[in-house]
Amino acid sequence: MTIKDTLSKGLSSIISKAGTQLRVRYFNQTYDDVYDDSVILTQSGADVWTSGLVLSLSNKFGSADSLLMEQGKLNNSDKKIFVNGSLLMTGSELQVKIQIGSPSGNNYSIIPDGCIIQEVEGQSIYKKVFLRRLTGSLLGE
């Protein structure tokens, strides 16, 4: 068994034991023909139910989270999740809405540039994703 297989299997085990149910909903993004800035989102495929580790941000001095908060990229109320590396989280015309909890829960969107992919030997092992709670719908939904 290779190191990447061992790491992937280990992460899957941790997520299955300590993870929280997540619903991932994908939307394709298109633009209105009349107005260039009018975004239209159309749900793409069925919802994906998975598990992930949900954590609050770290305020510890010098941590990556606290540095991003100091730069104004993250808020204290934002969350981070760790999910399997095979889960699609980014794309040029893709919007993602994540619900934490099952059967219902709060909905979140991915913060711009808020997905960090951890790879070993070219294989995505896990993704760390920064989320912001939605108070309504995604823009264009």
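Me: In what order do the elements of the protein run from the N terminus on?

Reply: The order is α-β-β-β-α-β-β-β-β, which comprises 2 helices and 7 strands. Both kinds are DSSP runs numbered from the N terminus: helices are H or I with at least four residues, strands are E with at least two. The model is predicted, so local features need pLDDT of at least 70 and side-chain atom pairs count only at pLDDT 80 or more, while totals for chains, interfaces and linings use all residues. Residues are numbered from 1 along each chain as its sequence is written, and side-chain values use heavy atoms, with hydrogens and water left out.

Me: Why is Ser12 called partly exposed?

Reply: Ser12 lies in helix α1 (residues 3-18) and has a relative accessible area of 34%. Buried means under 20%, exposed over 50%, and partly exposed in between (1.4 Å probe, protein chains only). The value of 34% falls in between, and therefore Ser12 is partly exposed.

Me: How do you know that the span of α1 is close to the expected one?

Reply: The expected span is 1.5 Å times one less than the number of residues in the helix. For α1, with 16 residues, 22 Å is expected, and the helix reaches 22 Å from its first C-alpha to its last.

Me: Which residues of α1 are buried, and what makes them line one face of the helix?

Reply: They are Ser8, Leu11 and Ile15. Seen down the axis of α1, they fall within an arc of 65°, so they line one face; the arc is that of the directions from the helix axis to the C-beta atoms. The face turned away from this buried side carries the exposed residues Lys9, Ser16 and Lys17. The buried residues of α1 pack against β3 (48-56), β4 (79-84) and β7 (123-133).

Me: What makes a set of residues a nonpolar core?

Reply: Its members are buried Ala, Val, Leu, Ile, Met, Phe, Trp, Tyr and Cys residues joined through side-chain atoms within 4.5 Å. The largest such core here has 16 residues, and Ile81, Met89, Val96, Ile98, Val129 and Leu131 have the most contacts inside it. The strand β5 (94-100) is among those that each supply at least two residues, and β5 gives the most, with 4. Apart from this core lies another, of 5 residues, including Met69 and Phe130. In soluble globular proteins, nonpolar side chains tend to be buried together.

Me: Which residues does Ile81 contact, leaving aside its neighbours within four places in sequence?

Reply: Contact means heavy atoms within 4.5 Å. Among the partners of Ile81 are Leu22, Leu53, Ile98 and Leu131.
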